[in-house]
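Biologist: I'd like to learn how to read this fold. Could you walk me through it, starting with the terms?

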Amino acid sequence: MKRIKAIYPGSFDPPTNGHLDLIERGSKIFDELVVAILRNPEKSPLFSLADRRKMLEAMTSGFENVSVDTFDGLTVDYALRVEARAILRGIRAVSDYEYELQMALMNRKLQPGLETVFMMPADKYSYLSSRLVREVAQLGGSIDCLVPELVAQKLREKIDVAHKFEKSVRRANKASSEGQSKSEFRKKFRKKFRKKKA
């Protein structure tokens, strides 16, 4: 009997409880599941590829048949390289389905032997996305119920550093603009003074 290997591709920036839910359930369906982090040079992710890999490896350490890898290029090419026979994808809403259907049909066109398996998230994660998690974290909201504790801690550290950097840039800009204003004032004063003297 053939063992079925599947890949679960995505950016995972950051990994969420919704991702973990799909990984856990996917590990029960497939003999082997590879969580594949896409390296996309066109995007500026919050977390580096290495950070996302470490977080996902920690999150999936309890699953014997789950591994984490990175890739770039076409998903179907990566699937062929690792000898996967299926792509696992999560669908949260109708809008997701339309996009995922297009991708699945294109993947089938490119590689007819590769199947796409759609999985619905648990009800409590049906609204959850990495983008929403980033936005909530950046606005100071609680993310404890949205991501594993390790990810929440990393997010808080990342956002805290970003806020400190932003404040220091603002202070520097303010000081620079104030310094420039004083300098301009001195120049104007000297000009007036010279005219009066003349």
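Modeller: Let's start with handedness: a crossover is right-handed if, with the strands pointing away from the viewer, the path from the first strand over the helix to the second runs clockwise. Helices (H or I, at least four residues) and strands (E, at least two) are DSSP runs, numbered from the N terminus. Here, strand 4, helix 4 (residues 94-110) and strand 5 build a right-handed β-α-β unit. Strand 2, helix 2 (residues 49-59) and strand 3 make a right-handed unit of that β-α-β kind too.

Biologist: What sort of model is this?

Modeller: It is a predicted model, in which local features need pLDDT of at least 70 and side-chain atom pairs count only at pLDDT 80 or more, while totals for chains, interfaces and linings use all residues. Residues are numbered from 1 along each chain as its sequence is written, and side-chain values use heavy atoms, with hydrogens and water left out.

Biologist: In what order do the five strands sit in the sheet?

Modeller: Two strands pair if DSSP finds at least two bridges between them. The five strands form an open sheet in the order 3-2-1-4-5, with parallel pairing. Strand 3 and strand 5 (115-119) are the edges, each pairing on one side only. From one strand to the next, the twist averages 30°; for such angles, axes are lines fitted to C-alpha atoms, for helices over the stretch in contact, and angles run from 0 to 180 degrees between N-to-C directions.

Biologist: How many bridges join strand 4 to strand 5?

Modeller: Five, and strand 4 (residues 86-90) runs parallel to strand 5. Isoleucine 87 has threonine 116 as its bridge partner in strand 5, and glycine 90 has methionine 119. Elsewhere, strand 2 (residues 32-38) and strand 3 (residues 66-71) pair in parallel over six bridges, with alanine 36 opposite aspartate 69.

Biologist: Which residues of helix 5 are buried?

Modeller: Buried means under 20% relative accessible area, exposed over 50%, and partly exposed in between (1.4 Å probe, protein chains only). As a general idea, an α-helix has 3.6 residues a turn, so residues three or four places apart point the same way. In helix 5 the buried ones are Ser130, Val133 and Ala137. Seen down the axis of helix 5, they fall within an arc of 60°, so they line one face; that arc is taken from the directions from the helix axis to the C-beta atoms.

Biologist: What does serine 130 touch?

Modeller: Contact means heavy atoms within 4.5 Å. Leaving aside neighbours within four places in sequence, serine 130 is in contact with Phe12, Asp13, Pro14, Thr16 and His19. Its side chain also has a polar atom 2.7 Å from the backbone oxygen of proline 14.

Biologist: How should I read backbone angles?

Modeller: Most residues other than glycine have a negative phi, and most peptide bonds are trans. Now the cases here: a cis peptide bond joins aspartate 13 and proline 14, with omega about 5°. Proline 14 is in the loop between strand 1 (5-10) and helix 1 (17-29). Phenylalanine 12 lies in that loop as well and has a positive phi of about 50° although it is not a glycine.

Biologist: Is phenylalanine 12 buried or exposed? And what about glutamate 83, buried or exposed?

Modeller: Phenylalanine 12 counts as buried because its relative accessibility is 2%. Glutamate 83, with a positive phi of about 60°, counts as exposed at 65% relative accessibility.

Key:
A polar contact is a pair of N or O atoms within 3.5 Å; within protein, one must be able to donate a hydrogen and the other to accept it, and residues adjacent in sequence count only if both atoms are side-chain atoms.
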